[in-house]
Amino acid sequence: MAMKSLDSGSPTPEEIGKLTAEQKAVVASEYLKGVEPGFLPLPLFKELSRLMVINTVELVLLQPEDDIRVLLTKRPPTDPWWANQLHIPGSVTLPTDSVEGDDDFTGTLNRILEDELAGAIEIVGNVNFLEPQRRIGPRGHEVTTIHWAGASVDESLLPNSARLLTLEDLQSYQPEAIVDGTIQTVDRAVQAYENT
C-alpha cells in the first residue's frame with residue numbers, strides 16, 4: 001500500500017496493518033503532532049512505555065517515631081501493571097512539571113505530594129536524593145530518580161490507598177502484594193535517614 005493513499009483521510013486499522021514499520025512510524029508521528037505534552041491517554045502511554053525508556057520519580061516518606069513508619073500507596077485494581085500492589089509514591093516525570101535548574105525534580109515531587117497524597121504530608125527538613133535506578137519491569141524500561149524525606153502525616157487526610165507501615169509490617173506482606181524492589185528501596189532510605 002502506498003503512503004499517498006492515506007493522504008485523503010484517516011487510515012483504517014486494516015490499512016495501517018498493511019504498512020511497513022517505517023510507514024507506520026510516519027502515520028504515528030502525524031497523529032502525535034496533535035497530542036499536548038502532559039498526562040497521556042493510557043493506550044498511548046502504554047505503547048510509549050513499551051517503546052522508550054521513561055523517566056519516573058519516587059519519594060520515600062518516613063515518619064520518625066519510636067518505630068520509623070513509611071508511607072506507601074496502593075495501586076488501583078484497574079492498574080495494568082501492578083493492580084492492588086503497594087508501592088512508593090511516585091510519578092512519571094512530565095514535560096509540564098516546573099523545573100528550576102539542572103537536577104531539579106521539585107515540580108514532579110510537588111505533584112506527588114499534592115495529587116497522589118492529597119496534601120496530607122508535610123515534609124520535615126529537606127527532600128534528599130537517594131539514588132537513580134535503571135529498571136526493567138512489566139511497564140517496560142525506566143530510569144527512576146529516588147528521593148527520601150522525613151514527613152509529618154495527617155492521617156485523617158490520607159487517601160484510602162495510603163498506608164503508614166513500620167518496617168516490620170512491611171516484611172509481613174506477600175511478594176505479590178507489593179511492587180518488586182519496594183522493600184529494598186525503603187531499607188536504603190531508612191539507612192540514609194539514620195545516617196543523617
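In which loop is N84 found? N84 lies in the loop between β2 (69–74) and β3 (86–87), strands being DSSP runs of E of at least two residues and helices runs of H or I of at least four, numbered from the N terminus.

## Basis of the model

This is a predicted model, in which local features need pLDDT of at least 70 and side-chain atom pairs count only at pLDDT 80 or more, while totals for chains, interfaces and linings use all residues. Residues are numbered from 1 along each chain as its sequence is written, and side-chain values use heavy atoms, with hydrogens and water left out.

Most residues other than glycine have a negative phi. N84 has a positive phi, near 65°, and is partly exposed at a relative accessible area of 38% (buried is under 20%, exposed over 50%, partly exposed in between, with a 1.4 Å probe and protein chains only).

A118 also has a positive phi, near 55°. A118 belongs to the loop between α4 (106–116) and β5 (121–137) and is partly exposed, with a relative accessible area of 44%.

## The second largest pocket

A pocket is an open set of points on a 1 Å grid over the protein atoms alone, with protein on both sides within 12 Å along at least five of seven lines; its lining residues have an atom within 4 Å of a point. The second largest pocket holds about 290 Å³ of space, the volume being that filled by probe spheres set on the points, which are joined across faces, edges and corners.

Both α2 (21–32) and α3 (42–51) supply at least two lining residues, and α3 gives the most, with six. Among the lining residues are K24, Y31, E47 and R50. By class, the lining has eight nonpolar, no polar and three charged residues (nonpolar: Ala, Val, Leu, Ile, Met, Phe, Trp, Tyr, Cys and Pro; charged: Asp, Glu, Lys and Arg; polar: the others, Gly among them).

Notes:
On a 1 Å grid over the protein atoms alone, a cavity is a set of points where a 1.4 Å probe fits but cannot get out, and a pocket is an open set with protein on both sides within 12 Å along at least five of seven lines; lining residues have an atom within 4 Å of a point.
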